[in-house]
Amino acid sequence: MAKRTEKPVYAFIRRGNSLVPEMQYDLQALDGIQQGQRVKLEIKQWRNLDRLKAYWATLQDCIDATGCAPSKEALDQYIRPAVNFVDTIRLANGFLVGVARAINTRECDEPEMIAFFNAATELLAREFGYVPPTPEERRGFHEAANDRRVA
């Protein structure tokens, strides 16, 4: 079977009711398009990789604070089905089973990831009594740690 070639991805930024190419590379995608010509777009929000990193860091922080799981991967495997972030498969005998959905950047868009992360955070608080610090609290913690190093 021939390997499928992936189409290039171009990035545009919304400014009012217009889309503006992010870089020169993206602008070149429009070279063959006449002014006023219609084009087909697939709109996708870029995933925030920092949110994915924050999710995994939150799991590790919860484990460090509570000792609730042997690893962040094990805790993740508990969380996804517990917050109903699953795909349903039908077994040969007709039973439906939920299996954990992927949270990688290809299969989970940004609004889904935000909702999942919020549900996971609520579950950590409810099930394990762990409430992650707010960004302001984290900044304060890091500033205090830096102050101790300087002193």
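Leu27 is partly exposed, at a relative accessible area of 39% (buried means under 20% relative accessible area, exposed over 50%, and partly exposed in between, with a 1.4 Å probe and protein chains only). Leu27 sits in helix H1, residues 24–28 (helices are DSSP runs of H or I with at least four residues, strands are DSSP runs of E with at least two, and both are numbered from the N terminus). Although Tyr10 and Leu27 are 17 residues apart along the chain, their C-alpha atoms are separated by 8.5 Å.

A word on how to read these values. The model is a predicted one, in which local features need pLDDT of at least 70 and side-chain atom pairs count only at pLDDT 80 or more, while totals for chains, interfaces and linings use all residues. Residues are numbered from 1 along each chain as its sequence is written, and side-chain values use heavy atoms, with hydrogens and water left out.

Taken as a whole, the protein chain has five helices and four strands, and along the sequence they come in the order β-β-α-α-α-β-β-α-α. Of its 151 residues, 19% are buried. Looking at contacts between residues at least 6 apart in sequence, 45% join residues at least 24 apart (contact means heavy atoms within 4.5 Å).

Next come the strands. E3 (residues 86–90) and E4 (residues 96–100) pair in the antiparallel sense, over five bridges (two strands pair if DSSP finds at least two bridges between them). One of the residues involved is Arg90, whose bridge partner in E4 is Leu96. The two strands form a hairpin with five residues between them, and in the turn Gly94 has a positive phi of about 95 degrees.

Helix H2 covers residues 49–66. The buried residues in H2 are Leu52, Tyr55, Thr58, Leu59, Cys62 and Ile63. They cover an arc of only 130 degrees around the axis, so they lie on the same side of H2 (the arc is that of the directions from the helix axis to the C-beta atoms). Asp50, Lys53, Asp64 and Ala65, on the other side of H2, are exposed. Just after H2 comes Gly67, with a positive phi of about 65 degrees.

Helix H4 (residues 110–128) tells a similar kind of story. Its 19 residues should span 27 Å at 1.5 Å a residue, and its end C-alpha atoms are 26 Å apart, which agrees. Glu110, Met113, Phe116, Phe117, Ala120, Leu123 and Leu124 are the buried residues of H4. Because they cover an arc of only 140 degrees around the axis, they fall on the same side of H4. Glu122 and Arg126 are exposed on the other side of H4. The buried residues of H4 pack against helices H2 and H3, and H4 is followed by Gly129, which has a positive phi near 70 degrees.

How do the helices sit against each other? Two packed helices are described by the angle between their axes and the distance between the axes. The axes of H2 and H4 come within 11 Å and cross at roughly 5 degrees (axes are lines fitted to C-alpha atoms, for helices over the stretch in contact, and angles run from 0 to 180 degrees between N-to-C directions). H2 and H4 are therefore roughly parallel to each other (angles under 35 degrees count as roughly parallel, over 145 as roughly antiparallel, 65 to 115 as roughly perpendicular, and the rest as oblique). Among the residues that meet here are Leu52, Tyr55 and Cys62 of H2, and Met113, Phe117 and Leu124 of H4.

H2 and H3 pack at an angle of about 105 degrees, with axes 9 Å apart. That makes H2 roughly perpendicular to H3. The residues that meet include Tyr55, Trp56 and Leu59 in H2, and Leu75, Ile79 and Arg80 in H3.

Leu124 in H4 counts as buried at 1% relative accessibility. Leaving aside neighbours within four places in sequence, Leu124 is in contact with Thr58, Leu59, Cys62, Leu75, Ile79, Gly129 and Tyr130. Arg80, in helix H3, counts as buried at 9% relative accessibility. With neighbours within four places in sequence again left aside, the contacts of Arg80 include Trp56, Phe85, Val86, Ala100 and Phe116.

Methods: Expected span 1.5 Å × (residues − 1).
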